[in-house]
Amino acid sequence: MIPAEAFALACGLFTAINLILLKKGLAHGNPITATLISLAINVLSFWSFVLIVVPPDRILRPELWIFVLVGLIQPGGTRFLAYLSVEKVGVAVTSPIRATTPLFSSLMAIAVLGEQLTPAVGAGTALVVFGITLLSLREEKTGAWMNILVALPLLSAFVAGSTQVIRKVGLAQITLPILGAAVTTGTSLVAVAVSITVSRKWSAVTFDRRSLGYFLLAGCAVTGGVASIYMSLYLSDVVIVAPLSSLSPLYSLVLSAVFLREVEVITMRKVVAAVLIVLGVVLITAIR
């Protein structure tokens, strides 16, 4: 069986790919359209699988309500905040700050689920978070990087981290993790659609040919990420999964150097931060 750590690491990679594709697509599109497209692909993919492998009498069960509650705010809400952040401040800031999710999820898991934070996992998480913070700093010697726009990915990380604990509770009651993902993303799609309708923002949903391809590919990438995080949470503790699934800054560093060379610059600070993150991963995965 594929270990939980592999699924968690895959989630970080899918997240990085998603953000790179979004940065390309947002040049001619907007976060609302990107969010709707990604959720639609999630729902189509997960429900197609569920309807094939799950008997109808196992779909409508009371234990799935917890995933409905999660879906009201995540992934639709957190995804929109992250996409808006990519548009406003770019991948280089969004990815690291969004990856502070393990800080929130680990604290919640210890407080709510009673999970154990071993010295190795604690040190590894600290290195990951420190590396993430280092990546977030600006190169300029003047001017503060911390502005109101930083609240976008930070709030996204807080909500995502908090709901990982709730999802962990729900996954303990079902046998097919993808069913939880299907319910969550389906609910989120409905919630986002209702929100757009109430706020009368449907005119903002546009399908520019120059951005549509990037948004579709980004939706496929984030679908892989959602499936991976649900599988990893099903197989292991939140304090193990959360730091590993938030390694998108490391992947983004490499992908940005290749695909976003015109806007992303690789510096020594970013390399040092990446090394710290890798060391943190080694502590989390190799030492128990």
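**View A. Lining of the second largest pocket by residue class.** The lining of the second largest pocket comprises seven nonpolar, six polar and one charged residues. Ala, Val, Leu, Ile, Met, Phe, Trp, Tyr, Cys and Pro count as nonpolar, Asp, Glu, Lys and Arg as charged, and the others, Gly among them, as polar. The model is predicted: local features need pLDDT of at least 70 and side-chain atom pairs pLDDT 80 or more, whereas totals for chains, interfaces and linings use all residues. Residues are numbered from 1 along each chain as its sequence is written, and side-chain values use heavy atoms, without hydrogens and water.

**View B. Position of the second largest pocket.** This pocket has a volume of about 230 Å³. A pocket is an open set of points on a 1 Å grid where a 1.4 Å probe fits, with protein on both sides within 12 Å along at least five of seven lines; lining residues have an atom within 4 Å of a point. Among the 14 lining residues, F80, A191, V192, S195 and I196 are the closest to the pocket centre. Helices α2 (31–53), α4 (76–89) and α9 (177–198) each give two or more residues to the lining, and α9 provides the largest share, five residues. Helices are DSSP runs (H or I, at least four residues), numbered from the N terminus.

**View C. Helix α11.** Helix α11 spans residues 238–245, and eight of its eight residues are buried (under 20% relative accessible area, with a 1.4 Å probe and protein chains only). They are V238, V239, I240, V241, A242, P243, L244 and S245.

Note on methods
Grid points are joined across faces, edges and corners, and a volume is the space filled by probe spheres set on the points. Buried means under 20% relative accessible area, exposed over 50%, partly exposed in between (1.4 Å probe, protein chains only).
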